[in-house]
Amino acid sequence: MTAGQVPSGGPGGASPPGRITEVDLATTPLRELNQALHAPDVAGSWRVTNPRGAHAVAVGIDAPVEVDIEGHVGYYCAGMNKQAAVRVHGNAGVGLAENIMSGTVVVDGNTSQSAGATGRGGLLIVNGDASARCGISMKGVDIVVRGSVGHMSAFMAQKGRLVVCGDAGDALGDSIYEARLYVRGEVAGLGADCVEKEMREEHVAELGELLERAETGLEASEFRRFGSARRLYNFDIDHAGEY
Amino acid sequence: MCGIAGLFSKSPEVSESLGRHLGDMLLQLGDRGPDSAGVAIYRNPAPSGSCKVTLHSPTPGYDWNGVQVALAEAFGAGDAEVRASHSVVMVDTEADSAVAWLRERYPELRVMSAGEAIEIYKEAGHPADFLERFSFSELSGSHALGHTRMATESKVTTDGSHPFSTGLDLCLVHNGSLSNHNRLRERLRAEGIEFQTENDSEVAAGYLTWRMREGASLEQALEGCLEDLDGFYTFAVGTVDGFAVLRDPIACKPAVMAETEGWVAMASEYRAIATLPGADEARMWEPEPGQVYSWERAAVA
C-alpha cells in the first residue's frame with residue numbers, strides 16, 4: 001500500500017488475512033498506523049518501516065495480527081498488547097510491551113528499562129540484553145531474555161516467569177511475590193526477600209517449555225531458580241529494615 | 001524531564017555540519033524540554049596565548065562593538081561575532097585575565113563561557129526557535145553538547161538554562177533533579193564557588209568546578225558526584241577535546257549512546273540519534289549506571 005493510505009478498517013478497508021500491509025512511518029503519521037491496528041476487523045500481517053525511535057509504535061492491539069517493525073523503536077512499543085505477535089527488528093526503548101495481556105512481543109536487539117513492566121500475560125522475548133527493571137511488577141507475563149538484565153529486575157514481581165539466559169544485575173527480585181525467576185549466569189545480588197530455591201521437576205518442565213518457545217537451544221538444567229522467601233508478606237517489626 | 005544530546009565528530013563531513021546535526025538532535029528532544037534550550041560547541045580554537053569568551057546581554061541591540069573596542073585596547077582582540085543575545089570575542093590574553101577584566105568593567109554582562117574553543121549559547125524559549133534565532137545550523141566544530149529544558153527546580157530564565165560553564169572549556173548539561181542542592185550550594189559558596197541562580201544543575205556544575213580546582217581529574221570529579229550528589233541525573237560534560245557521560249547509580253534518567261566511523265553520540269532518546277547519518281548501522285548501547293564514559297580527540301585520532 002502507498003504512504004498515507006493505512007486501511008481504516010471500515011467496509012472494504014480491512015487488510016485481508018495473508019496479505020502484508022506495508023506502512024512507512026517516514027511518510028505515514030504514527031497515529032494512522034495505530035488507529036488502523038485498532039480497527040475492529042484488523043487482520044493479516046503488517047510491516048512497519050522507518051520507526052526511527054518513535055514512541056508508542058503498535059500499542060494497544062487486540063487482534064491476532066503479525067506486526068514486523070524494521071528498525072529501532074522508542075518508548076512503550078507494543079504496550080498493552082493482546083493476541084498480536086509483534087517483532088522489533090532492532091532495539092527498543094523504555095517500557096517495551098508494558099502491561100502486555102497476551103500474544104508475543106519479540107525484540108531482536110537490546111531493550112531499555114522496564115521491559116514487560118506490569119505485564120499480565122503473553123510472552124516477551126528479548127534476544128539481546130534488557131537493562132534495568134526488566135519485568136518490574138510483572139503480573140503473569142512470561143519474559144525470556146537471551147542476554148542479561150540490569151539492576152532491580154523483577155522488582156515486586158507478582159506472577160509469571162522471568163528467564164535470564166545471561167547475568168542479572170543487582171537487587172534481583174526485590175520485594176518479590178509469587179513470580180518465578182530463572183537465571184543461567186551470575187546474579188550480582190538479590191533484593192529484599194528474594195532467595196535461591198530448589199529446581200523441582202515442575203520447574204524444569206516449565207522452564208524447558210519457555211526455553212523452547214523462545215528458541216534458545218538451552219537446557220533447563222543450566223539454570224538456577226529464585227523466588228520469594230515470603231518473609232515480607234505480613235508486616236513484622238523485626239523486618240522493618242528489610243523494606 | 002529535559003533532553004540532552006552530545007555529538008563528537010570523527011570525520012571532516014560531520015565536523016563541517018556539526019551545528020546542523022546537533023540542531024536536528026535537539027529538535028527531536030523538543031517535547032522533552034520545550035521551555036529553554038542551549039548548546040556548547042567547540043570550534044575555531046583561539047591561538048596560543050589568546051582565549052575565546054562568550055558573553056550574554058539581556059538588552060536587545062546591546063553595544064557589542066563598544067565591548068570589542070575596549071577589549072582590543074586593553075589586550076588586543078578579534079572581531080565580535082554576534083549571535084542573537086550572545087557575542088563571541090577572541091582576546092589576546094589568558095582566559096582568567098579576560099574574564100576578571102570583563103566582570104569588573106561590564107558587570108551587566110554574563111560570561112557564558114571562556115577557554116580555547118568553547119562557545120555557549122542558551123536562552124529561554126522552544127528549542128526550534130532557539131536554533132533559528134542563533135542560526136546554529138551554520139556552525140561547524142569538533143564536538144558539541146545540547147540541552148532542552150523542562151524546568152522543575154527553578155525559574156525559566158536564560159541563567160537557569162543549560163549548559164552551565166564549569167571552568168575553562170568545560171560545561172555541563174543535566175537531565176534530572178538534585179535534592180541536596182541547597183545545602184551543597186552553601187558548602188561550595190564557603191569554598192569560594194559563585195552561583196547566579198537557585199538552580200540545582202548549577203550546583204552540580206559548581207561541584208565539578210570545585211573538585212577540579214582542588215586537583216581532581218574530570219573523571220575523579222564525576223565519580224565524586226556518586227558520593228556527594230543526592231538525586232537523579234544523567235550528566236554530559238564537555239571538555240576541550242571531548243565529552244564525558246555519567247548516570248546516577250539507579251539510572252533514573254534515560255541515556256543511549258551510539259558510535260559509527262563518523263561520530264560518537266549520546267542522547268536522552270534514540271530518536272535524536274536517528275537523525276544522524278548512518279544511525280541505522282551504528283553500534284548502540286545504554287550506558288551503565290554509575291559509570292563514567294568519556295571520549296577524547298586523542299583517543300580516536
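Predicted model: local features only at pLDDT ≥ 70, side-chain atom pairs only at ≥ 80, totals over all residues.
**View 1. Overall build of chain A.** Two helices and 11 strands make up chain A. Read from the N terminus, these elements follow the order β-α-β-β-β-β-β-β-β-β-β-α-β. The C-alpha trace of chain A spans about 65 × 35 × 25 Å along its principal axes.

**View 2. Burial and contacts within chain A.** Of the 243 residues in chain A, 51% count as buried. When contacts between residues at least 6 apart in the sequence of chain A are considered, 26% join residues at least 24 apart.

**View 3. The largest nonpolar core.** This core has 87 residues, and those with the most contacts inside it are B:A204, B:V237, B:A265 and B:I273. Helix α7 of chain B (residues 200–213) supplies the largest share, six residues. At least three residues come from each of domain 1 (3–45 + 141–300) and domain 2 (46–116) of chain B.

**View 4. Surroundings of B:I273.** Apart from neighbours within four places in sequence, B:I273 is in contact with B:V256, B:A258, B:A265, B:A267 and B:A279.

**View 5. The contact between chains A and B.** Chain A contributes 13 residues to the contact and chain B contributes 10 residues. On the side of chain B that touches chain A, six residues are nonpolar, four are charged and none is polar.

Key: Residues numbered from 1 in each chain as written. Chains lettered and ligands numbered in written order. Contact = placed C-beta atoms within 7 Å. Nonpolar A, V, L, I, M, F, W, Y, C, P; charged D, E, K, R; others polar. Helix = DSSP H or I, 4+ residues; strand = E, 2+ residues; numbered from the N terminus. Buried ≥ 20, exposed ≤ 12 C-beta atoms within 10 Å, placed from the backbone. Core = buried A, V, L, I, M, F, W, Y, C linked by C-beta atoms within 7 Å. Domains from an automatic or database assignment.
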